[in-house]
Amino acid sequence: MAEKTIVSNDASKWLILAPTMFAAFMFALDETIANIALPHIAGSFSVSSQESIWILTSYLIASCLTVPMLDWLCRLCGRKNIFMIMVTIFTLSSFLCGISTSMPLMIIGRFFQGFGGGILIPIAQAIVMENFKGKDLTTAITLFGMVVIVAPIVGPVLGGWITENYSWHWIFFMNVPIGMFIVAMAKTMIVDPPSAQKQKMLKPTGGV
């Protein structure tokens, strides 16, 4: 019998929103959370404010690179697996950003953050749309959309508060437990339908 994406009962299927919404929130939040902290980060690395803009730019560039690769990656590894892999990359990169002691290391960390997070929102949307139907789908998409909209707005406020009360390092360190939670929940709750599972990659055949 083919595996179904929808979980066993109506109550438990709402738990699928946890890993998908947290993943979307984490990625969208990190688009803006470092904005207020840029002067502090630039001061730590003794670079100019113009140079520190690369902390934001590298994240956005990398996040755009992975979107065209989404279909190929899902067919190569399976959607659930690639979701967990990308969350893991995002989490490890966040830790790298937090321990960075130089501008090049920070840019590398932010690049891989964007690379890991770039396809989290489209994958999360696909998972939500397959697990909910009718009115439940409308509610789930509304909740998901609110997360994606609110996160970039909350980012600068939260980033400023963390930087002033703790240090800019914790802007990135806080992603580590969230990322671990997302991977654990995804492993337990998400099931790929046959169409989203790992597929055999066809090799080109030679001419006659």
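Which residues does M86 touch, not counting residues up to four places away in sequence?

Reply: A word on the model comes before the answer. This is a predicted model, in which local features need pLDDT of at least 70 and side-chain atom pairs count only at pLDDT 80 or more, while totals for chains, interfaces and linings use all residues. Residues are numbered from 1 along each chain as its sequence is written, and side-chain values use heavy atoms, with hydrogens and water left out.

M86 touches L73, F115, G116, I119 and L120, leaving aside residues up to four places away in sequence; contact means heavy atoms within 4.5 Å. M86 itself is found in helix α7. Helices are DSSP runs (H or I, at least four residues), as are strands (E, at least two), and they are numbered from the N terminus. The relative accessible area of M86 is 3%, so the residue is buried. Buried means under 20% relative accessible area, exposed means over 50%, and partly exposed lies in between (1.4 Å probe, protein chains only). One of the contacts of M86, G116, sits 30 residues away along the chain, yet the two C-alpha atoms are separated by 4.4 Å.

A nonpolar core is a set of buried Ala, Val, Leu, Ile, Met, Phe, Trp, Tyr and Cys residues joined through side-chain atoms within 4.5 Å. The largest one has 34 residues, and those with the most contacts inside it are I82, F83, I119, I123 and F144. Two or more residues come from each of α2, α6 (70–77), α7, α9, α10 (134–165) and α12 (175–189). The biggest share is that of α2, with seven residues. F83 touches P19, T20, A23, L120, I123, I182, A186 and I190, again without residues up to four places away in sequence. A second, separate core of 18 residues includes A28, L29, I33 and I171.

E130 lies in helix α9 (residues 120–131) and R79 in helix α7 (residues 79–98), so the pair ties together parts that are 51 residues apart in sequence. R79 has a relative accessible area of 9% and is therefore buried. E130, at 24% relative accessibility, counts as partly exposed.

The count comes to two salt bridges. The other one joins the side chains of D30 and R110 (4.0 Å, N to O). It links distant parts of the chain, 80 residues apart: D30 is in the loop between α2 (17–29) and α3 (38–45), and R110 is in helix α8 (residues 103–117). Both D30 and R110 are buried.
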